[in-house]
Amino acid sequence: MVQALPYLKESASQTAGPYVHIGLAPGAAGFDIYRQELGQTIAGPGVPGERIRVEGLVYDGTGAPVKDILLEAWQADANGIYPHPEDPRHGEVAPGFRGWGRIITDFDSGLWSFETIKPGPVPGRNKRMMAPHISLWLVSRGINIGLNTRMYFDDEDNSADPVLGLIEKENRRRTLIAQRTAAGVYRFDIRLQGEGETVFLDV
Amino acid sequence: MKPAEFYQRDRSWQPPALTPDYKTSVGRSPRLAMLSLQGSMSEITGPTFGHSDIDPIDNDLIKNYAKSGDPIGERIIVHGRVLDENGRGVPNTLVEIWQANAGGRYRHKKDTYLAPIDPNFGGCGRTLTDENGYYFFRTIKPGAYPWRNWVNNWRPAHIHVSVFGTAFSQRLITQMYFEGDPLIAKCPIVATIPDPRAIDQLIAPLDLNAAVPLDCLAYKFDIVLRGRRSTLFENHLEGN
């Protein structure tokens with residue numbers, strides 16, 4: 001026998017289910033209960049940076065939009081600073097910058113969008129800079145454990161990004177890169193399965 | 001404290017993406033391998049919340065949507081701690097819950113089950129853990145309800161739970177079940193979890209010590225988020 005190694009085990013995930021909006025965005029479920037719903041403003045009006053809108057669809061393996069997907073976004077400010085005590089520069093984060101948002105689809109079309117400011121590059125591991133990116137987390141009915149991915153920008157230099165560089169098949173890197181479709185507008189479609197399957201991250 | 005990575009998530013303990021007995025997962029499950037990523041600043045940080053974000057009544061589902069009186073059903077307290085895998089409480093973290101009413105009906109525009117909406121029950125609550133990771137809610141025990149998977153599938157009574165922790169890589173949504181419910185063993189969503197011990201960890205025991213005599217019963221539900229390394233040795237997360 002050896003000594004016990006008394007770590008706890010992470011609670012198992014269970015699907016967020018079709019009614020996730022009741023808990024996380026009751027207005028979308030059809031009722032008003034809280035003084036304020038959380039995650040509606042990633043970057044307040046005074047936050048410096050390029051104002052952008054990101055929109056897209058999440059597709060299932062049959063190519064149909066996942067109309068009940070819920071996304072959460074987490075990003076740094078325009079200087080690459082996270083509003084979190086463990087970011088060494090967090091004291092300099094832009095006032096009014098929350099960095100986190102909750103994104104609901106249009107239930108009829110599955111289309112989602114959110115407004116924010118474009119993040120700056122963030123220092124990565126071993127002092128390698130990471131290209132500007134937004135971390136995304138997806139949950140819905142049929143997804144047993146939330147899916148993590150990242151969104152990069154096609155008008156930034158992504159060539160030295162250490163995370164994109166880990167994707168062995170270069171043609172899959174583009175699944176993480178949003179396309180600029182108009183001034184300040186980016187399109188980012190996510191494919192859960194099948195041709196063009198998005199790269200998901202085990203973070 | 002120096003920034004530190006989280007322990008690798010145990011993917012053999014967590015449900016896989018593809019679980020054919022839960023049919024909706026078939027078309028919504030990635031089939032290619034995930035890219036395993038060592039934590040960077042983007043993963044070890046995450047949103048923070050404070051008491052200005054929520055109101056004290058938000059954790060009382062008996063009162064937070066009451067219009068003409070209290071909701072119908074069995075009054076219960078759900079309480080416990082949010083811990084990490086090192087057994088440490090996770091303070092000041094946001095816990096959000098949602099659930100069906102006592103008849104098994106959700107207040108959601110997409111729910112068409114024939115059981116009635118309760119005019120006094122919204123079905124959602126939220127709270128912040130205290131400095132020791134402790135949280136509590138007061139609510140109504142949810143009812144079981146049928147769902148379209150096989151012809152005659154019923155969900156065991158459950159409460160959905162969403163937790164943040166301190167980092168985006170700790171983000172977790174799960175479901176709490178109730179001790180003694182015979183539907184737990186028959187549920188294809190519960191069965192997406194491969195290890196029976198992991199299922200047991202989602203079943204809240206009746207906690208009579210926490211019940212309020214002549215008022216409400218109580219169930220205890222601890223939630224465990226991923227733990228992280230201690231930083232006895234520099235782990236090169238940022239530099240060098």
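Predicted model: local features only at pLDDT ≥ 70, side-chain atom pairs only at ≥ 80, totals over all residues.
## The A/B interface

Let's start with where the chains meet. Chain B puts 99 residues into the contact and chain A puts in 80 residues. Between them the two chains bury about 7800 Å², with 54% of that on carbon and sulfur atoms. On the chain B side, Arg28(B), Leu35(B) and Phe168(B) supply 11% of the area buried against chain A, more than any other three residues.

The rule finds 59 residue pairs in polar contact across the interface, both residues at pLDDT 80 or more. Sorted by class, the side of chain B that touches chain A has 42 nonpolar, 34 polar and 23 charged residues.

## Salt bridges between the chains

Eleven salt bridges turn up across the interface of chain B and chain A. One of them joins Arg125(A) to Glu5(B), with the closest N and O atoms 2.5 Å apart.

Glu43(B) and Arg150(A) make a salt bridge as well, and here the closest N and O atoms are 2.8 Å apart.

## Salt bridges within a chain

Over all chains, the structure holds 29 salt bridges. In chain A, Glu50(A) pairs with Arg180(A), the closest N and O atoms being 3.3 Å apart. That pair links distant parts of the chain: Glu50(A) lies in the loop between α2 and β1 of chain A, while Arg180(A) belongs to strand β10 (residues 177-182) of chain A, 130 residues apart. Glu50(A) has a relative accessible area of 34%, so it counts as partly exposed. Arg180(A) is likewise partly exposed, with a relative accessible area of 34%.

In chain B, the side chains of Arg197(B) and Asp195(B) meet in a salt bridge at 2.7 Å, N to O. Arg197(B) has a relative accessible area of 56% and is therefore exposed. Asp195(B), at 15%, is buried. Back in chain A, salt bridges with shared partners tie Glu50(A), Lys118(A), Asp155(A), Glu156(A) and Arg180(A) into one network.

## Strands and sheets

Strand pairing also links the chains. Strand β13 (residues 201-202) of chain A pairs with strand β1 (residues 35-36) of chain B in the parallel sense, over two bridges. Leu201(A) stands opposite Leu35(B) there, and Leu35(B) is one of the three residues named above for buried area.

Chain B has an open sheet of five strands in the order β4-β3-β8-β9-β10, with mixed pairing. β4 (124-128) and β10 (203-204) of chain B stand at the edges with a single partner strand each, so one side of each has no neighbour in the sheet. Further in, β3 (residues 94-98) and β8 (residues 158-163) of chain B pair in the antiparallel sense over four bridges. Val95(B) has Val163(B) in β8(B) as its bridge partner.

## A buried loop residue

Is Ala43(A) buried or exposed? Its relative accessibility is 6%, so Ala43(A) counts as buried, although Ala43(A) is found in the loop between α2 (26-29) and β1 (51-56) of chain A. Leaving out residues up to four places away in sequence, Ala43(A) touches Arg51(A), Gly96(A), Phe97(A), Thr116(A) and Ile117(A).

How far apart in space are Ala43(A) and Thr15(A)? They are 29 Å apart, C-alpha to C-alpha, and 28 residues apart in sequence.

Notes:
Residues numbered from 1 in each chain as written. Chains lettered and ligands numbered in written order. Heavy atoms only, no water. Contact = heavy atoms within 4.5 Å. Buried area = accessible area lost by both parts, 1.4 Å probe. Salt bridge = Lys/Arg side-chain N within 4 Å of Asp/Glu carboxyl O. Polar contact = N/O pair within 3.5 Å; in protein donor to acceptor, adjacent residues only side chain to side chain. Nonpolar A, V, L, I, M, F, W, Y, C, P; charged D, E, K, R; others polar. Pairing = 2+ DSSP bridges. Buried < 20%, exposed > 50% of the residue type's maximum accessible area, 1.4 Å probe, protein only.
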